[in-house]
Amino acid sequence: MFHWLEKNPFLFSVGVFVVIAFAGLIEIIPNFAEASRPVIGTKPYSTLEIAGRQVYIKNSCNACHSQLIRPFKAETDRYGHYSLSGEYAYDRPFLWGSKRTGPDLMRVGNYRTTEWHENHMKSPQSIVPTSIMPAYPWMFTNKADIDTAFAEQLTVSQFFGVPYNKPVPMKDGTTKVVKMGKSIAEARALALEEAKKVAADMKDQDVKDAVAKGEIPEIVALIAYLNSLK
Amino acid sequence: MENRPLEYDYTVAKMFMVTTIVLGIVGMSIGVFIAFELAFPGLNTILGSGLAEYTNFSRLRPLHTDAVAFGFTVSGIFATWFYVGQRVLKVSMAESKFLMFIGKLQFWLYIIGVAAAVVSLFMGYTSSKEYAEFEWPVDIAIVVVWVLWGVSIFGLIGIRREKSLYISIWYYIATFLGVAMLYLFNNMEVPTMLATSAAGESGIGSWFHSVSMYAGTNDALVQWWYGHNAVAFVFTVPIIAMIYYFLPKESGQAIYSYKLSLLSFWGLMFVYLWAGGHHLLFSTVPDWMQTMGSIFSVVLILPSWGSAINMLLTMKGEWQQVAASPLIKFMVLASTFYMFSTLEGPIQAIKSVNAIAHFTDWIVGHVHDGTLGWVGFMIIAALYHMAPRVFKREIYSKKLMATQFWVQTLGIVLYFTSMWIAGITQGMMWRAHDEFGNLAYSFIDTVDVLHPYYALRGTGGLFYLIGFFMFAYNIYKTMSARPVEEHELQNASPMGA
């Protein structure tokens, strides 16, 4: 039946490619522009939040925690309003995860505090005695990579038009401006300013001292990111 | 022309056989370790809290998945290609210095890529996308290795003596094209060092960091179009290529139906790519895509079972071989697990079932039915078939093979039963409400209940790993301890002998 095709590797390969490429074209392309439009109230991540997001990714938090609330009563009861497409407009990469070994974190900023995260990251069992989550003590000493976070900000603003230093509409009708430094030095200063606010609510003296010296431990950036998830 | 069989050159095949086994041990050992970490969290700091960064679950999890997918499985695909390709195209690698060079180059670049991947994942350099975690420099190395493999495939096809491409070759070609397309589009990313600040500074920060080309929902859509089809084109298509060659060879039976193989091949190619949407049910991607993903997942049963039934019917009238030969056992059980997981997957892709199953261990269980039962067993069987022929030595111990088969089968059964129960239990507990309409369980309740199943799963994984060590030992002894035969072992299966 198809013996002629099986003797012609070129046509055969072209045939296979067309058949496998078909579904992707139909499924992915039509919605592409629309899906990346932000909803009102979604703002870009600050330098420190991006650094925290990188810590989140570096430690594969997404291997155990989802950031996707499905539209079921049980989920909205537990985690808050179900997820909307536009809320992810500034998420590169997306961090929906595929497994909930731990709870969803899409809106964790609404119901957990800096202090809670600090204790929990140091020793999850001190808060939830039977938790199977490992502790992350190295985040209290490793320094966050602010320069790379700044580079990421620059990249998304230059290549993908993410609105930094521009007013972004919020739900209450006001606008907010998320700042991005003009130089590395300014970016570091902006991040440090934000880090100081987070560290003020923390108890760990070494972390406080580090921030006072102008260094930003990973945990501070991570908590800034987690607090921004709302 | 001399009337004697061609002498094939298995140099490159042998190299990849070694990496299949070594990376299999690495990937599966990490898998067993992290499985026990979930049951006994104290293991996260097994080397002390100073090194906990490198021994904790979250850092090791991508290493496990990538080592078994791109280490063990992809090595197995390459090893069998450099064996099967020559034989069904009736041309030896030794006939082309160029192809031999490309094959060896591919191997050494692959080794460099693996080393870079392992180190970078340990350090925490990851893009976070599942099965596509590598940062852009490693991605480039992977693309080069893949292109070299393409040169090998089409080069060998170009100088073939047998004009008609055997079914296995169709599947190898599809593997090459499918993975190339998926990998390229999913890993589109912009290195952050390309950006320039307003003050004119460039090359800021870490040079291997990058940002995905797609944002949010689009990124998820592309990722799961990739993620699901990486399963298709790494864990299914090339494994079918193997079984279409090795089962008839080992059993001495002809393929049951050519028409069924045609239908299954083109059906699989068309349908599989639609099914990625089932990873995104009830997410923020448009509803019609979710529905398409769901429907096509169910349709996918047809081509999947087409191949599996074709394999099982190939054994028609020769079922006594299953009892007599552990090698046939491996392949028949592989087909059976293929049928099993391609039925289980579509069930999980039905929206109402997915509402319970998604985010739970049932999904993990499903993946392992396919990978341990189908992919693992088929690659093990392929290497057992190849070993006597490439090393010109009889298999060291058939008894050990049979023991391995039963130990690993027991391991798989423990694995999937515990994960079924764990997943469905947790899924039901998450959604339970009490009589007043409040959530019946806090999250930690649904974790506590999983402990025995996590312990059982780890044990199942351990059995499989022990079996894999038996396999490694058996192959090692075959290579080193058996007398060399005069000629390549022909016709009679070493198992039947």
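Reader: How many helices and strands are there in chain A?
Author: Helices here are DSSP runs of H or I with at least four residues, strands are runs of E with at least two, and both are numbered from the N terminus. From the N terminus on, the order in chain A is α-α-α-α-α-α-α-β-β-α-α-α. The count for chain A is 10 helices and 2 strands.

This is a predicted model, in which local features need pLDDT of at least 70 and side-chain atom pairs count only at pLDDT 80 or more, while totals for chains, interfaces and linings use all residues. Residues are numbered from 1 along each chain as its sequence is written, and chains are lettered from A and ligands numbered from 1 in the order in which they are written.

Reader: Which helix of chain A gives the most to the side that touches chain B?
Author: Two residues are in contact if their C-beta atoms, placed from the backbone, lie within 7 Å. The contact takes 76 residues from chain A and 78 residues from chain B. Elements giving two or more residues on the chain A side include helix 4 (47–58) and helix 7 (146–160). With 12 residues, the most comes from helix 2 of chain A.

Reader: What radius of gyration does chain A have?
Author: The radius is taken over C-alpha atoms, and the globule rule is 2.2 Å times the number of residues to the power 0.38. The C-alpha trace of chain A spans about 75 × 45 × 35 Å along its principal axes. A compact globule of 230 residues would have a radius of gyration near 17 Å, but the value for chain A is 22 Å.
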